[in-house]
Amino acid sequence: MRDRFSTGVVYVLAALLAALLTGCTQSAAGGESDGPTGATASVSPSATRASGFGAVFLAVDECSSFGKASFSEVPCTSERAAARVVARHDGTPSGGPPCPATTDFVLHISEQSQISDEDGDGAVPQGYACMRNLQPPHPGDPGGGGGPRTIVGDCVYGSGSGQVRETACDGKGAKTPQYKVVKAVAERSLCPLSTALYVQLGGAQPVGCARPL
């Protein structure tokens with residue numbers, strides 16, 4: 001009796017060992033499992049953000065939708081994307097660094113924005129974004145007739161009281177161009193003799209030398 005019982009135990013243990021080895025082989029070979037063992041983790045595409053979008057509201061190289069008074073940040077590949085951020089600063093344009101020369105327009109970002117925020121608390125620091133249109137026209141280009149800065153190659157007209165305003169050099173703007181800025185210098189004495197008008201440009205070369213058209 002003792003010998004037969006011992007032999008039976010050996011058979012049972014061998015069968016259990018074979019079953020365990022078979023299960024491990026199926027799992028390693030990529031077989032399906034009803035339980036958590038062998039399950040593959042997956043991430044839903046909606047759970048991840050495209051790199052560079054949304055980390056900071058309208059950071060450099062991010063894009064905005066159409067509109068200057070009401071706008072939102074959108075992926076640059078979106079059909080709603082209208083302009084790209086070329087520079088981003090805190091504070092106000094009057095107290096901060098100037099935008100790049102060929103900036104098309106400036107977006108003013110309020111301190112408390114209901115559109116988007118950086119950390120989920122509904123607050124965005126006051127600042128401004130210097131924008132460049134994704135598609136022409138580019139009013140910030142030389143002679144383009146717009147943009148937040150007047151640069152060499154731009155045309156202006158007298159608006160009264162010793163003031164001038166920018167207009168398109170090709171004459172297609174609302175006003176006919178009267179002068180063209182041909183050079184930027186540190187002081188008036190460095191302008192060419194043909195200069196008929198001095199235009200305030202700002203920056204390292206704050207004087208614009210303009211000749212009549």
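Modeller: The torsion about the S-S bond of Cys63 and Cys76 is about 100 degrees, so this disulfide is right-handed. Please keep in mind as we go that the model is predicted.

Biologist: How far apart are the sulfur atoms of Cys63 and Cys76?

Modeller: The sulfur atoms of Cys63 and Cys76 lie 2.0 Å apart. The pair ties together distant parts of the chain, with Cys63 in strand E1 and Cys76, 13 residues away, in the loop between strand E2 (73-74) and E3.

Biologist: And Cys63, is that buried or exposed?

Modeller: Cys63 has a relative accessibility of 0%, and because buried means under 20%, Cys63 counts as buried.

Biologist: Tell me about another one, then. Which way is the link of Cys155 and Cys169 handed?

Modeller: The link of Cys155 and Cys169 is right-handed, with 105 degrees about the S-S bond. This pair also joins distant parts of the chain, since Cys155 belongs to strand E6 (residues 155-160), while Cys169 is found 14 residues away in the loop between strand E7 (163-167) and strand E8 (179-185). Cys155 is buried, with a relative accessible area of 1%, whereas Cys169 is partly exposed, at 25%.

Biologist: What about Cys191 and Cys209, how is that link handed?

Modeller: The link of Cys191 and Cys209 is left-handed, with -80 degrees about the S-S bond, and their sulfur atoms are 1.9 Å apart. Cys191 sits in the loop between E8 and strand E9 (197-200), and Cys209, which is 18 residues away, sits in strand E10 (residues 207-212). Cys191 counts as buried at 11% relative accessibility, and Cys209 is buried too, with a relative accessible area of 0%.

Biologist: You keep naming strands. In what order do the five strands of the open sheet come?

Modeller: The five strands of that open sheet follow the order E7-E6-E8-E10-E9, and their pairing is antiparallel. E7 and E9 are the edge strands, each of them pairing on one side only, and from one strand to the next the twist averages 45 degrees.

Biologist: Can we zoom in on one pairing there? How many bridges join E6 to E7?

Modeller: Five bridges join E6 to E7, and the two strands run antiparallel. Within this pairing, Val156 stands opposite Glu166 in E7.

Biologist: Now back to E1. Which strand does E1 pair with over three bridges?

Modeller: Strand E1 (residues 63-65) pairs with strand E3 (residues 81-90) over three bridges in the antiparallel sense.

Biologist: What is in the largest nonpolar core?

Modeller: The largest nonpolar core has 10 residues, including Phe57, Leu58, Phe71, Ala83, Phe105 and Met131. E3, strand E4 (105-109) and E5 are the elements that give two or more residues to this core, and E4 gives the most, with three. Apart from this core lies another one, of six residues, among them Val156, Leu197, Val199 and Ala210.

Biologist: Last topic, Thr103. Where is that residue found?

Modeller: Thr103 is found in the loop between E3 and E4, and at 1% relative accessibility it counts as buried. The side chain of Thr103 reaches the backbone oxygen of Pro100 at 2.8 Å. Not counting residues up to four places away in sequence, Thr103 touches Val86, Cys130, Met131, Gly140, Gly147 and Pro148.

Technical notes: Residues numbered from 1 in each chain as written. Predicted model: local features only at pLDDT ≥ 70, side-chain atom pairs only at ≥ 80, totals over all residues. Heavy atoms only, no water. Pairing = 2+ DSSP bridges. Helix = DSSP H or I, 4+ residues; strand = E, 2+ residues; numbered from the N terminus. Core = buried A, V, L, I, M, F, W, Y, C linked by side-chain atoms within 4.5 Å. Buried < 20%, exposed > 50% of the residue type's maximum accessible area, 1.4 Å probe, protein only. Disulfide = S-S within 2.5 Å. Polar contact = N/O pair within 3.5 Å; in protein donor to acceptor, adjacent residues only side chain to side chain. Contact = heavy atoms within 4.5 Å. Axes fitted to C-alpha atoms, helices over the stretch in contact; angles between N-to-C directions.
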